[in-house]
Amino acid sequence: ILVSHESQEFKDVTRTFTSYMTSNRICSLERIQNKNLMNRYINHIQAEKELRKGQDLQRRQLFYGTGAVSPSTLYDAQGNGFDPRYADIQTSKGFGRGYCFSVNPYHSHTRAHRTNRGRYQILVADVFIGKTCQSGPGNLIKAPKGYDSVSQNSELFVIYDEAQSCPLYMIEYE
């Protein structure tokens, strides 16, 4: 569903995006509404609440670039969300094979999907980062024992379970 440029929702996403990407302009913002992905994420959060009674569950809205894969592949009606087939490979940063989300959209811009009109597309997702380990022992396929995610300088967050995230928006920009 396209979000109106006049809406508060559009303004909020634009404010965050342009605070980092000052020379770029958002052309459109699409709210992603995939009940299966949202239910999977909500179920994951509910299970974590049961396991961690009284603890603060760390969640963030973060950016994600899909590279050559169209973002809609991850969230359309049959989409599986952050599917392992499309996961970022971050072995050079010591993260292993995971889904690399960023506080700063510029980091995701380096993996933005390029449309045939020459515009860029990245996702905004709600991400359960939980207990975060700073950096990792390399080549991980899951977070170290006792942790839910791996981080680099609290700017990049890597998760290893697609149920820990749900795409909220697709930003198209130039």
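Me: Which residue in β9 is the bridge partner of V127?

Reply: S165 is the partner of V127. The model is predicted: local features need pLDDT of at least 70, side-chain atom pairs count only at pLDDT 80 or more, and totals for chains, interfaces and linings use all residues. Residues are numbered from 1 along each chain as its sequence is written, and side-chain values use heavy atoms, with hydrogens and water left out.

Me: What makes β5 and β9 a pair?

Reply: Two strands pair if DSSP finds at least two bridges between them. Strand β5 (residues 120-128) has 8 bridges to β9, and the two run antiparallel. Strands are DSSP runs of E, at least two residues; helices are runs of H or I, at least four; both are numbered from the N terminus.

Me: Which strand is joined to β9 by 5 bridges?

Reply: That is β1 (residues 26-31), also antiparallel to β9. Here I26 stands opposite Y173.

Me: Why is β9 called largely enclosed?

Reply: Buried means under 20% relative accessible area, exposed over 50%, and partly exposed in between (1.4 Å probe, protein chains only). In β9 (residues 165-173), 9 of the 9 residues are buried, so the rest of the structure largely encloses this strand.

Me: How do you know that the length of α1 agrees with a helix?

Reply: The expected span is 1.5 Å times one less than the number of residues. Helix α1 (residues 8-20) has 13 residues and should span 18 Å; its end C-alpha atoms are 19 Å apart, so the two agree.

Me: Which residues of α1 are buried, and what covers them?

Reply: The buried ones are F10, V13, T14 and F17. Their cover includes β1, β2 (59-64), α4, β5 and β9.

Me: Why is N104 called buried?

Reply: Its relative accessibility is 14%, so N104 counts as buried. N104 lies in the loop between β3 (99-102) and α4 (105-109). Leaving aside neighbours within four places in sequence, N104 is in contact (heavy atoms within 4.5 Å) with Y20, F63 and E155.

Me: What makes N104 and Y106 a polar contact?

Reply: A polar atom of the N104 side chain lies 2.7 Å from the backbone nitrogen of Y106. The definition asks for N or O atoms within 3.5 Å; within protein, one must be able to donate a hydrogen and the other to accept it, and residues adjacent in sequence count only if both atoms are side-chain atoms.

Me: What makes R31 and E9 a salt bridge?

Reply: A salt bridge needs a side-chain nitrogen of Lys or Arg within 4 Å of a carboxyl oxygen of Asp or Glu. The closest N and O atoms of R31 and E9 are 2.8 Å apart. The pair links distant parts of the chain: R31 is in β1 and E9 in α1, 22 residues apart. R31, at 25% relative accessibility, counts as partly exposed. E9 counts as partly exposed too, at 23%.

Me: Which residue forms a salt bridge with R59?

Reply: D126 does, with the closest N and O atoms 3.0 Å apart. R59 in β2 and D126 in β5 are 67 residues apart. At 42%, R59 counts as partly exposed, whereas D126 counts as buried at 11%.

Me: Are E50 and K53, which form a salt bridge, buried or exposed?

Reply: Both are exposed. Their closest N and O atoms are 3.1 Å apart.

Me: How many salt bridges does the whole structure hold?

Reply: The search finds 10. R25, R117, R119, E172 and E174 are linked in a network of salt bridges.
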